[in-house]
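Let's take a walk through this structure together. Have the sequence and the 3D view ready, and follow along.

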Amino acid sequence: MINRYPEFSWSITRHNSLSMCSRQYYLNYYVSPFGRRRDSTSFKQHAFRLKHLQKLPMIFGSSVHEQIHRTVNQLDDLTEPPVEQEIMANIRDDLNKAYCDSKYRQHMWYDRPSDYRMLAEIYYDNELSLEAISDTQEKLPATVRNLVSCNTMIDLFQRRKETELITAERFRCMEVNGVKVWVVLDLLFRDLGKGTYVVTDFKSGKRKHDDHTQLILYARYIKEAFQISSLEQIELRNEYLSEGSIVTYTPTTYDFEKIEYLIQTSIEWMRSYLQDAEHNIPLEMEAFEQTKHQGMCKNCQYRELCGKA
């Protein structure tokens, strides 16, 4: 069997993976994609399974985002904002299903990891901690309450005639010096009154140092995609739902220079791990060193393959 590696591309997620651990990066992008094949090695098949492990906060965040996009995509049919209780019930159902899959359908996940959910905490520790359950139960009502009342939802519902929805959670691609760069916009709409393009990134967890970087990357995409002449026409938002706050930015030329530098240096770094850059063929696994930070290993879904479980 010949492995034909996918075309080389860049994303902030890919960059973060390499920044955390090059071995994790290798397993993520050069091993696990081939594990879905029935004729692949057991190592690759297992890497494919482990790629689908998710910790409880990730499943919580995915469910919150699913409710956001479900609401936004039904915007034309809704006459009033969504009901908090309904959203909470849907998220609880998602969390319960993930738990039941993890506890009682492990054999089904093992055969079809794309179709069933497996909580990393249950896979490695056999159970969710009481602290994790308590934190999620406490965070759920506040997150939903803040979602329904956040600035972006107010704009979309109370100022509906003054806004135009453009896209919600779609993969988008731009090219930077011949390399495809992928972005996933949570929400993009146009404020017709202000004449601005508004990008909202919803966060269900804590603030991170690269939140601003992610938004600048989105701004770089929409400036090119919509041929925006002035950066003043772009408004960037982080809606932090668990704490009920919003941070807004207007991108600057300096921001764009920094993101261009990040992309270029990151691409060079990634290519240093390739033996054949044209065909995106990596070096051997041993060239992808394991991180020295044990805290990162505890949160890595592949730690079983590195002997760190």
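Is Asn126 buried or exposed? Asn126 is exposed, with a relative accessible area of 57%; the cut-offs are under 20% for buried, over 50% for exposed and partly exposed in between, using a 1.4 Å probe and protein chains only. Before we go on, a word on what you're looking at: this is a predicted model, where local features need pLDDT of at least 70, side-chain atom pairs count only at pLDDT 80 or more, and totals for chains, interfaces and linings use all residues. Residues are numbered from 1 along each chain as its sequence is written, and side-chain values use heavy atoms, with hydrogens and water left out.

Back to Asn126. You'll find it in the loop between α7 and α8 (130-149), where helices (H or I, at least four residues) and strands (E, at least two) are DSSP runs numbered from the N terminus. Most residues other than glycine have a negative phi. Asn177 also has a positive phi, of about 50°, although it is not a glycine. Look for Asn177 in the loop between β4 (163-176) and β5 (179-191). At 65% relative accessibility, Asn177 counts as exposed.

Now to the helices. Two packed helices are described by the angle between their axes and the distance between the axes. Helix α1 (residues 12-20) and helix α2 (residues 22-31) pack at about 140°, with axes 5 Å apart; here axes are lines fitted to C-alpha atoms, for helices over the stretch in contact, and angles run from 0 to 180 degrees between N-to-C directions. That makes α1 oblique to α2, given that angles under 35 degrees count as roughly parallel, over 145 as roughly antiparallel, 65 to 115 as roughly perpendicular and the rest as oblique. On the α1 side, the contact (heavy atoms within 4.5 Å) is made by Thr13, Arg14, Ser17, Leu18 and Met20. On the α2 side you'll see Ser22, Gln24, Tyr25, Asn28, Tyr29 and Tyr30. By class, this contact of α1 with α2 has five nonpolar, five polar and one charged residues; Ala, Val, Leu, Ile, Met, Phe, Trp, Tyr, Cys and Pro count as nonpolar, Asp, Glu, Lys and Arg as charged, and the others, Gly among them, as polar.

Zoom in on Ser17, which lies in helix α1. Ser17 is buried, with a relative accessible area of 4%. Leaving aside neighbours within four places in sequence, Ser17 is in contact with Gln24, Tyr25, Asn28 and Tyr29. Ser17 and Lys298 are 281 residues apart in sequence and 15 Å apart in space, C-alpha to C-alpha.

Next, follow α2 to α3. These two pack at an angle of about 105°, with their axes 10 Å apart, and are therefore roughly perpendicular to each other. Here Leu27, Asn28 and Val31 in α2 meet Phe43, Lys44, Ala47 and Lys51 in α3. By class, that contact of α2 with α3 has four nonpolar, one polar and two charged residues.

How many of the 10 residues of helix α3 (residues 42-51) are buried? Seven of them are, so α3 is largely enclosed by the rest of the structure. The buried ones are Lys44, Gln45, His46, Ala47, Phe48, Arg49 and Leu50. What covers them includes α2, β2 (53-54), α6 (106-111) and α7 (120-125).

On to the aromatic rings. Rings of Phe, Tyr and Trp (its six-membered ring) pair if their centres lie within 6.5 Å, with planes under 30 degrees apart counting as stacked, over 60 as edge-to-face and the rest as tilted. By this rule the count comes to 11 aromatic pairs. Tyr26 and Phe288 form a tilted one, 4.7 Å centre to centre with 35° between the planes. This pair links distant parts of the chain, with Tyr26 in helix α2 and Phe288 in the loop between β10 (281-282) and α12 (294-298), 262 residues apart. Both Tyr26, at 11% relative accessibility, and Phe288, at 0%, count as buried. One aromatic cluster is formed by Tyr5, Tyr25, Tyr26, Tyr29, Tyr30, Phe34, Tyr273 and Phe288.
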